[in-house]
Amino acid sequence: MPSHDDPLLQPYQLKHLRLKNRIMSTSHEPAYSEDGMPKQRYRLYHAEKAKGGIALTMTAGSAVVSRESPPAFGNLHAYKDEIVPWLSELADDCHQHGAAVMIQLTHLGRRTSWNKADWLPVVSASPIREPAHRAFPKEAEEWDIERIIGDYASAAQRMQAAGLDGIEFEAYGHLMDGFWSPATNKRDDEYGGSLDNRLRFTWAVIDAVRKAVGPDFIVGIRMVADEDWEQGLSRQEGVEIARRIAASGKFDFLNIIRGHIDTDAALNEVIPIQGMRSSPHLDFAGDIRQETKFPVFHAARIADVATARHAVAEGKLDMVGMTRAHIADPHIVRKIMAGEEHRIRPCVGATYCLDRIYEGGEALCIHNAATGRELAMPHVISKADRSKSIVVVGAGPAGLEAARVAAEAGHKVEILEASDQAGGQITLASKNPRRKEMIGIVDWRLAELERLGVPLRYNIWAEASDVVTLDPDIVVVATGGLPQNPPLATGDDLVTSSWDILAGSIKPGENVLLYDDNGGHQGMSAAEMIARSGSKLELVSPERFFAPEMGGMNHVPYMRAFQQKGVRVTINTRLVSVARDGNQLIATLGSDYAPDYREERRVDQVVVEHGTLPIDDLYRELKPLSRNGGAIDYGRLVNGGAIFPVRSEGTFDLLRIGDAVHARNIHAAIYDGLRYATRF
């Protein structure tokens, strides 16, 4: 059991609000809103964290206060009265579990697009483009500023009316700090020049908000205190702003950020992903707390409990943000309190969650498929009505998840694996040293399966007779896939698979062409390893967008490696054929756009990535022996009911999941494992 003096479990008094422990989830936008409202999906996502024991959940990675600040990534519409009842319901649900609820309010300024929502002009302190969202803003006029100040005040009133415990302003990369930073404020009026002038908008906003909500309502600010950028806000000025805010008597806490976010590469330094330093700005946030003697919150890749505990114990933070960690496991606090820290599902830093948001999707965890699907998918598995015998063939992510969930439900589970280790393609992915944390997806499941007493038998290339002998009620075929070549006119036998490069079974040639007709991590990771080996590399893709299956956050380290190592990137181009010429290969390139276009490359090695084909021999052997012939009732899978139709006199039901069906990704494999196994 945990110690009663665990720093993380100590309550924290923020003004009149007693936070029951020191762990929070900072504001972020999972893009679960509907019409800008936090409806059922949004509410259940936050309520799950409250059930899991969190002290404070911050909603809305920037709820917008003004109509002309159109949502850039699913932001809530704080300027609409209709948001009040939705937020009230969300707050009530979280309060029932003892969690406080706050919201982040902002005007996005230049961090949005002009061609969204009502097509109103984008405004900022000065007309300086933001590369990430590609807007050329207009300079905010005095009537814009007056209106926006009023919008902040009325939005704050709505949040108070909804029964939230407080709000924070967003001041990194948005309008408020757009006035602070010399990089984005070139004004020559009373809002530009001196630090006093650059803070004028901030003071006007907090004064209007305080007039609207009174002195007791909690108001904080998530602020950049150092843009870490030669042309931006210096550490000296940022710390001075923090000092002034803390001394003003108008704010209740600081939530500290370091860095700037106007490009993908800059954003990666603020929100690091796997292969980067953990908690890189924690000491800086601690310095701000020392300077200001004021409540300080902070989050930036604090993914493990030990680091969070250190942050509080050493007086660096008052509240520690574990935001992506709670996307991976919303029950962190409950597990700490139960003495089960070792059972916390780890955040592996894959940042599939943020990549999806920034590409216009919604946040999903790479290996917790229940997050964002709380209405239909459980985080805590209930016991089944009766125990069944389940045989899972394949110990990749799909098979491991199906086995884990089935065992949690009380079924008798056995796993057969053809190789001498579990993990499937994740084992390959983690061969890239920068992505070695991915193996945590496998390790966590193996630990859970050991706890549940599930036998995993290695080096068994299962045949139908091996499976039938075990007398199963359900057989899950999770045998994965094998790499396939892209369609080539000639030269199928001359190319090397990206898998061979990742596994290290074939060394990169001196001069390599890598053809990626998939657009995800597989080809990019092989390319990175080839480039880092010292080879000369050209990466060729038929896509008009580079690596479209991967978002901007993960794009950054690949592109950094490619540019450091002189990799040539060619898009809009297909590999047509490969032919041998002496000791070298001739790769012929073509185009979808100009049918007569042809170019040749003389190289030592052609590496290809074109997804996988399912290993489905066992599945096809078992189909005629099964009750359902492998068929699944998709309507019932999605909406409820028995998923296995009866089609013959077989003795077991059969399904296949993950890449044994067709090439997808890790999240899809784990979602298959979860949603099928909860229906056994």
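## An exposed loop residue

Asp471 is exposed, at a relative accessible area of 59% (exposed means over 50%, buried under 20% and partly exposed in between, with a 1.4 Å probe and protein chains only). Asp471 sits in the loop between α17 (464-469) and β16 (474-477); helices (H or I, at least four residues) and strands (E, at least two) are DSSP runs, numbered from the N terminus. Its C-alpha atom is 8.2 Å from that of Thr651, although the two residues are 180 apart along the chain.

A word on the model: it is predicted, so local features need pLDDT of at least 70 and side-chain atom pairs count only at pLDDT 80 or more, while totals for chains, interfaces and linings use all residues. Residues are numbered from 1 along each chain as its sequence is written, and side-chain values use heavy atoms, with hydrogens and water left out.

## Two buried loop residues

Let's turn to His28, in the loop between β3 (23-25) and α1 (40-51). His28 counts as buried because its relative accessible area is 13%. Its side chain reaches the backbone oxygen of Thr26 at 2.8 Å. Setting aside residues up to four places away in sequence, His28 touches Tyr42, Tyr45, Lys49, Met58, Thr59, Ala60, Gly61, Thr323 and Ile327 (contact means heavy atoms within 4.5 Å).

Lys316 belongs to another loop, the one between α10 (305-313) and β12 (319-321). With 18% relative accessibility, Lys316 is buried. Its side chain makes a polar contact with the side chain of Asp283, at 3.0 Å; such a contact is a pair of N or O atoms within 3.5 Å, where within protein one must be able to donate a hydrogen and the other to accept it, and residues adjacent in sequence count only if both atoms are side-chain atoms. Beyond its neighbours within four places in sequence, Lys316 has contacts that include Leu282, Ala285, Arg289 and His310.

## Strand β14 and its partners

Now for some sheet structure. Of the 5 residues in strand β14 (residues 412-416), 4 are buried. β14 runs parallel to strand β13 (residues 389-393), joined by 5 bridges (strands pair if DSSP finds at least two bridges between them). Ser389 stands opposite Lys412 of β14. From β13 the chain passes through helix α14 (residues 397-408) to β14 in a right-handed β-α-β crossover, that is, with the strands pointing away from the viewer, the path from the first strand over the helix to the second runs clockwise.

β14 also runs parallel to strand β15 (residues 456-457), with 2 bridges joining them. Here Ile415 faces Leu456 of β15.
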